[in-house]
Amino acid sequence: MATEEENVEMEENEDKKEGKSKKVAKHDSGAADLEKVTDYVEETEISAQSISDAMRVVNVSKAKEASERQERERELSKVKINKDDVDLIVNEIEIGRTQAERVLREHKGNIVEALVSLTN
């Protein structure tokens, strides 16, 4: 049979083991919280590849818009306008000659439509 001293020693050893497991559990909880934070950061990090892909998309869309603008300008430059119509708009509406020419070109040389768009 175990003596009282041996029983006390066993209980103390069990208490120490429980204390260590409690400390380990506290530490594990902190480690789990740290894992959550690092996982979140890893999920939100943007890779260099995704940045370059996004930049490529932006550059392609800007190039497309620029080419569309150039095509529109080419179409507008082909429209024939009357110099007298431009002078009339400049004098009556009091806008610059280039703006008057542009508005007339956008309305295919139709002075009535151009004047209506300028007054509205």
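**Helices and salt bridges**

Biologist: Take contacts between residues at least 6 apart in sequence. What share of them join residues at least 24 apart?
Modeller: In this protein, 41% do. Keep in mind that the model is predicted.

Biologist: How many helices and strands are there?
Modeller: There are 5 helices and 0 strands. From the N terminus on, the order is α-α-α-α-α.

Biologist: And how much of the protein is buried?
Modeller: Of its 120 residues, 9% count as buried.

Biologist: What about the accessible surface?
Modeller: The total is about 10,300 Å². Carbon and sulfur atoms make up 53% of that.

Biologist: New topic. How many salt bridges turn up?
Modeller: The search of the whole structure finds 5. One of them pairs arginine 56 with aspartate 53, at 2.9 Å from N to O.

Biologist: Where do arginine 56 and aspartate 53 sit?
Modeller: Both are in helix 2, residues 48-78. They are 3 residues apart, so about one helical turn separates them.

Biologist: Is arginine 56 buried, exposed or partly exposed?
Modeller: Arginine 56 is partly exposed, because its relative accessibility is 48%. Aspartate 53 is partly exposed too, at 28%.

Biologist: Which residue does glutamate 73 bridge to?
Modeller: Arginine 102, with N and O 2.6 Å apart. Glutamate 73 lies in helix 2 and arginine 102 in helix 4, so the pair ties together parts that are 29 residues apart in sequence.

Biologist: Which residues are linked in a network there?
Modeller: Salt bridges link Glu73, Arg102 and Glu106.

How values were computed:
Residues are numbered from 1 along each chain as its sequence is written. This is a predicted model: local features need pLDDT of at least 70, side-chain atom pairs count only at pLDDT 80 or more; totals for chains, interfaces and linings use all residues. Side-chain values use heavy atoms; hydrogens and water are left out. Helices (H or I, at least four residues) and strands (E, at least two) are DSSP runs, numbered from the N terminus. Buried means under 20% relative accessible area, exposed over 50%, partly exposed in between (1.4 Å probe, protein chains only). Contact means heavy atoms within 4.5 Å. Accessible areas come from the Shrake-Rupley method with a 1.4 Å probe; for residues, only the protein chains shown count as cover. A salt bridge is a side-chain nitrogen of Lys or Arg within 4 Å of a carboxyl oxygen of Asp or Glu.
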